[in-house]
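This report describes the ligand surroundings and selected backbone features of the structure displayed below.

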Amino acid sequence: MFAEIEQYFRTNRLPHIWCPGCSNGIIVKSIVEAIQKAGLDQDKTVIVSGIGCSSRATGYLNFDTLHTTHGRAIAFATGVKVANPELNVFVITGDGDCTSIGGNHFIHAARRNIDLNVILFNNNIYGMTGGQYSPMSPTGAKGTTAPYGNIERPFDICNLAIGAGATYVARGNSFHTHQLTDIIHAGIANKGFSFVEALAACPIYYGRKNKQGSAADMLKWQKDHCLSKEAADRLPLEKKEGKILTGVLHNVSAPEYTEQYDKIISRFKEANSNA
Ligand SMILES: Cc1ncc(C[n+]2csc(CCOP(=O)(O)OP(=O)(O)O)c2C)c(N)n1
Ligand code: SF4
């Protein structure tokens, strides 16, 4: 099975650094499957990441990749896309990377509707630095910086993306992998800012601190608590309570940033050539 997607990996960089049971690899597999399904030219596809366990993925992926600085993946990706709008640009980012230090870049890229595919690996915690709570940690969850439970409320990051102007927003998880591949694939088709929240499992920090059981138990939790929006739309309210909606949550069209930018350049070139 790996043979089908092997071309997308720098196999000489494997094995990866992720802990046993970490679901980052599952999400990476869905990303490359979506890229394959979309038929994107590997030489015209750039993957940018910040810093974190999830962001290490760019080291293993056989594309032009940028492993940047913590929180700035979307800013670097914006630069890549503006410099060459022909490129397919993906961002791999963690919940700390994207919603804490990188929150400002996130909302403004969504507002601009720049054609990026951002995949947020949401493990609800800072994995790489040892389990500090993040803006995506649920209220009451424990972390090394919240030993008595987090008193803050987490972002509803999909609604934040929609409110900020993203034209494609979806949520998936690490158990329902076909759905995850499909929603990333549909995001690629959107000409504009596409955001996918992928629920990840960090059994080593989030799982251990919050007594979530084994890695398999954490995936089972996702299976039991996620409900596709399509199914939810047909269910009465009481059956949806406490469920996390997955699937495509928002899909609209709006002017894309680099296309608008190109129009300005063409207009001024034309005006200058007529002068
Ligand atoms: C400017 C800066 N601040 C802080 C750090 C330390 N740091 C590295 S990774 C990280 C958090 C990682 O958490 P997340 O983005 O959620 O990714 P995960 O490791 O959970 O995949 C932090 C705070 C850094 N490298 N650079
Ligand atoms: S610390 Fe958590 S997120 Fe990081 S590699 Fe280990 S299991 Fe994965």
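**Ligand 1: shell and contacts**

A residue is counted as near a molecule if one of its heavy atoms lies within 4 Å of it. In this predicted model, 16 residues surround ligand 1, and the closest are C53, S54, G96, D97 and G127. By class, this shell has 6 nonpolar, 8 polar and 2 charged residues; Ala, Val, Leu, Ile, Met, Phe, Trp, Tyr, Cys and Pro count as nonpolar, Asp, Glu, Lys and Arg as charged, and the others, Gly among them, as polar.

Polar contacts with the ligand are pairs of N or O atoms within 3.5 Å. A polar backbone atom of D97 is 2.7 Å from an oxygen atom of ligand 1, and one of I125 is 3.1 Å from an oxygen atom of the ligand. For M128, a backbone N or O atom lies 2.9 Å from an oxygen atom of ligand 1. Taken alone, ligand 1 exposes 590 Å², of which the protein buries 73%; the areas come from the Shrake-Rupley method with a 1.4 Å probe.

**Elements around ligand 1**

Helices (H or I, at least four residues) and strands (E, at least two) are DSSP runs, numbered from the N terminus. The largest contribution, 4 residues, comes from α3.

**Ligand 2**

Which residues lie around ligand 2? They are W18, C19, C22, C53, N123, G127, C202, P203, I204 and Y205. By class, the shell around ligand 2 has 8 nonpolar and 2 polar residues, with no charged residues.

**Annotated domain**

UniProt, in an unreviewed entry, places the feature "domain: Thiamine pyrophosphate enzyme TPP-binding" at residues 51–197; such annotations may be inferred rather than shown by experiment. Over residues 51–197 the chain is 33% helix and 22% strand, and the end C-alpha atoms are 17 Å apart.

**Backbone features**

L14 and P15 are joined by a cis peptide bond, with omega about 5 degrees. P15 belongs to the segment before α1 (24–38). N113, although not a glycine, has a positive phi of about 55 degrees; N113 is placed in the loop between α4 (103–112) and β4 (116–122).

**Conventions**

Residues are numbered from 1 along each chain as its sequence is written, while chains are lettered from A and ligands numbered from 1 in the order in which they are written. Local features need pLDDT of at least 70 and side-chain atom pairs count only at pLDDT 80 or more, whereas totals for chains, interfaces and linings use all residues; side-chain values use heavy atoms, with hydrogens and water left out.

Conventions:
A polar contact is a pair of N or O atoms within 3.5 Å; within protein, one must be able to donate a hydrogen and the other to accept it, and residues adjacent in sequence count only if both atoms are side-chain atoms.
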